[in-house]
Amino acid sequence: MRTPDAIPLDFDAVIVGAGFAGLYMLHRARELGMRARVFEAGAGIGGTWYWNRYPGARCDIESLEYSYQFSEELQQEWEWTERYASQPEILRYIEHVAERFDLLRDIQLETRVLTAHFRDSDNSWTVETDHETVTARYCIMATGCLSSSHTPAIEGAESFQGKTFHTGRWPHEGVDFSGMRVGVIGTGSSGVQSIPMIAKQADDLTVFQRTATYSVPAHNGPLDPEYQREVKTRYAALRAANSHTHLGFGSEYPASDDLSADATPEQRETRYQQRWQRGGLHFMGAYLDLMLDRDANEIAAEFVRAKIRAAVKDPTTAELLSPRQVLGCKRLCVDTGYYETFNRDNVHLVDVSSNPIERFTERGIVVDGNEYELDAVVFATGFDAMTGALNRIDIRGIDGLALREKWAAGPRTYLGLGSKGFPNFFIITGPGSPSVLANMVPAIEQHVDWIAECLSHMQSNQLTRIEVDQAAEDDWVDQVNALADTTLYPSCNSWYLGANVPGKPRVFMPYLSYPIYVAKCDEVAANDYEGFELS
Ligand code: FAD
Ligand code: NAP
């Protein structure tokens, strides 16, 4: 009789997801000589940039920094055309990477992973997709922090006779809103990017706003070829400098170490003006204490509110568009003409903060007893972030322990990389890692490199099992929470806390501070994978 050990496994590693993370993980696994297979639910690669094709979709970290750095030739040869690349350009880039590194032959598209069960007897995973079942030594989740779209349950939605769209599942052929009365629900980053574009095309646009948003102008435009050439003469140094910044980007225009309280009102005003002129997420780097001190934050928030009042002609609309929560508590948005869009005659703002959307009818949406007749509704309502894609898979570890049950009160991981009870299981940019509070491409590369080094170490030492220590996990979860509690992040209902999804436990999921995190990961590896049990 064959022992389980003698049963050959189909793959060394199964990787779930073919976005930035899955592609690079496949590349590194191949370099280790592993047999790896990527399963991707979509009909194409690219992840975020495959699904989010809504008008105006683009990155809000500058293209030269929101890109892979693992290959010097790649980063030298690829030419970005805009300061912030558009979705089609990022997708072209990802497709180029896949072709360049010959990745496609190990990627199986239109294949959704349904279950992943650990088999204790031979330290392997059995992964079931909607097509087949395979076995592998390692199961690596590259399922994305923002890939599981969230559509709020609103009464009567199925009765609506118009068209509905979600920004995170946009039709490939595009949508022509000409001649239509369109409603957009949601004013986070996706709403902020799409609303100005839809407003230009639709006959009439009604924006249903629950929470007003802070947004800083992108000042997007063509990337100066001379600047791009110059950056490429020192690209590696720029990447290295970025890795020491709090968020993994922006070393060209570094965040300040000054405290707002130490500055005069005039100095603060000058500094905020400079950062506003520069545009983008750099705004939050004006002072060190913006996310630590409510007074400091309120001064910056009031600066943005003044900008909104200056941009929006109708004072009532300007007031409604002026956020009151802590600036940056929900992710700061970066826009092109967002607030100004509300000056258009064909754009209307409906406040649904105190009077939520009551229901859909056949003809439209009812708020506060008023029916808004619509031909199309766009849900810019975001994602079941960080845990959504993982919890949609039936993941079971030792003794059938279900990950979603273990995480019922909130995700528990060590370094966001693994979870106790789930051996040989890695998560790329999992909860408990900087992930969404970092420039995600380098954060992904850092995780993939760490996992690849770990797998290489296991190969060289003939090890077949790695599992998180309970004490290490408990301690890490405490650290993630304690760090968040020193900041203003837990003060509002953000998706960082899971607060956008009804019933989701309120737990702050990302780890704050990229460089401290990277140093910790390096230290863990240097100390023989301290906090993990290897056998
Ligand atoms: P994803 O790109 O989300 O890929 C995950 C893939 O896994 C998806 O294709 C999904 O279909 C697949 N998958 C999930 N579950 C399964 C399953 N069960 N079976 C098979 N396949 C599965 N980050 C930044 O740092 N800067 C930005 O400017 C920025 N802009 C963004 C703009 C938008 C519109 C959005 C939504 C996110 C943005 N992000 C940004 C975050 C972005 O998600 C990351 O930067 C990055 O693209 C994530 O890559 P990933 O490979 O980890 O995940
Ligand atoms: P989001 O930030 O979660 O915003 C969702 C919006 O929908 C919020 O305004 C929310 O209001 C609203 N909403 C949800 N349910 C609602 C309901 N029942 N009624 C009324 N309004 C409702 O989602 P997102 O805009 O898709 O962005 C998610 C993340 O993806 C971003 O934070 C960012 O990390 C990334 N992203 C980046 C870019 C970019 O610029 N590069 C673009 C898009 C996305 P509340 O705030 O009140 O919950």
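Modeller: A polar contact is a pair of N or O atoms within 3.5 Å. The model under discussion is a predicted one.

Biologist: How far is an oxygen atom of ligand 1 from a polar backbone atom of Ala 21?

Modeller: The pair to examine is an oxygen atom of ligand 1 and a polar backbone atom of Ala 21. A polar contact requires N or O atoms within 3.5 Å. The pair meets that cut-off, with a distance of 2.9 Å.

Biologist: Which residue has a side-chain N or O atom 2.7 Å from an oxygen atom of ligand 1?

Modeller: Among the 34 residues around ligand 1, those that come nearest include Glu 40, Asp 60 and Tyr 66. Met 440 places a polar backbone atom 2.8 Å from an oxygen atom of ligand 1. The side-chain N or O atom at 2.7 Å belongs to Thr 48.

Biologist: What percentage of the accessible area of ligand 1 does the protein cover?

Modeller: Polar atoms approach ligand 1 from the side chain of Thr 48 and from the backbone of Met 440. On its own, ligand 1 has 980 Å² of accessible area. The share of this area that the protein covers is 95%.

Biologist: From which element does the largest share of the shell around ligand 1 come?

Modeller: An N or O atom in the side chain of Thr 48 is 2.7 Å from an oxygen atom of ligand 1. The elements that give two or more residues to this shell are α1 (20-31), α2 (48-51) and α13 (440-460). The largest share, three residues, comes from α2.

Biologist: How many residues of the shell around ligand 1 are charged?

Modeller: The shell divides into three classes. Of its residues, 20 are nonpolar and eleven are polar. The charged residues number three.

Biologist: Let us turn to the second ligand. Which residue has a polar side-chain atom 2.8 Å from an oxygen atom of ligand 2?

Modeller: Of the 23 residues that surround ligand 2, the closest are Thr 187, Ser 190, Arg 210, Thr 211 and Lys 330. Thr 187 contributes a backbone N or O atom, 2.9 Å from an oxygen atom of the ligand. In the side chain of Trp 495, an N or O atom is 3.0 Å from a ligand oxygen. The polar side-chain atom at 2.8 Å belongs to Arg 210.

Biologist: What percentage of the accessible area of ligand 2 does the protein cover?

Modeller: The side chain of Trp 495 brings an N or O atom to 3.0 Å from an oxygen atom of ligand 2. On its own, the ligand has 900 Å² of accessible area. The protein covers a share of 88%.

Biologist: Which helix provides the largest share of the shell around ligand 2?

Modeller: By class, this shell has nine nonpolar, nine polar and five charged residues. At least three residues come from each of domain 1 (11-148 + 384-468 + 508-530) and domain 2 (157-379). The largest share, three residues, comes from residues 189-201, which form helix α5.

Biologist: Which residue in the turn between β14 and β15 has a positive phi?

Modeller: Strands β14 (residues 364-367) and β15 (residues 370-373) run antiparallel and are joined by four bridges. In one pairing, Gly 364 has Glu 373 in β15 as its bridge partner. The two strands form a hairpin with two residues between them. The residue in the turn with a phi of about 50° is Asp 368.

Biologist: Is Asn 123 buried or exposed?

Modeller: Asn 123 is found in the loop between β4 (113-119) and β5 (124-129). Although not a glycine, Asn 123 has a positive phi of about 50°. Its relative accessible area is 14%. Buried means under 20%, and therefore Asn 123 counts as buried.

Biologist: Is Asp 528 buried or exposed?

Modeller: Asp 528 is found in the loop between α15 (514-526) and β20 (532-534). Its phi is near 55°, a positive value in a residue other than glycine. The relative accessible area of Asp 528 is 58%. The cut-off for exposure is over 50%, so Asp 528 is exposed.

Biologist: What is the length of the polar contact between the side chains of Ser 148 and Arg 392?

Modeller: Ser 148 lies in the loop between β6 (133-141) and β7 (163-166). At 2% relative accessibility, Ser 148 counts as buried. The polar contact that joins its side chain to that of Arg 392 has a length of 3.0 Å.

Conventions. Residues are numbered from 1 along each chain as its sequence is written. Chains are lettered from A and ligands numbered from 1 in the order in which they are written. This is a predicted model: local features need pLDDT of at least 70, side-chain atom pairs count only at pLDDT 80 or more; totals for chains, interfaces and linings use all residues. Side-chain values use heavy atoms; hydrogens and water are left out. A residue is near a molecule or strand if one of its heavy atoms lies within 4 Å of it. A polar contact is a pair of N or O atoms within 3.5 Å; within protein, one must be able to donate a hydrogen and the other to accept it, and residues adjacent in sequence count only if both atoms are side-chain atoms. Accessible areas come from the Shrake-Rupley method with a 1.4 Å probe; for residues, only the protein chains shown count as cover. Ala, Val, Leu, Ile, Met, Phe, Trp, Tyr, Cys and Pro count as nonpolar, Asp, Glu, Lys and Arg as charged, and the others, Gly among them, as polar. Domain bounds come from an automatic or database domain assignment. Two strands pair if DSSP finds at least two bridges between them. Buried means under 20% relative accessible area, exposed over 50%, partly exposed in between (1.4 Å probe, protein chains only).
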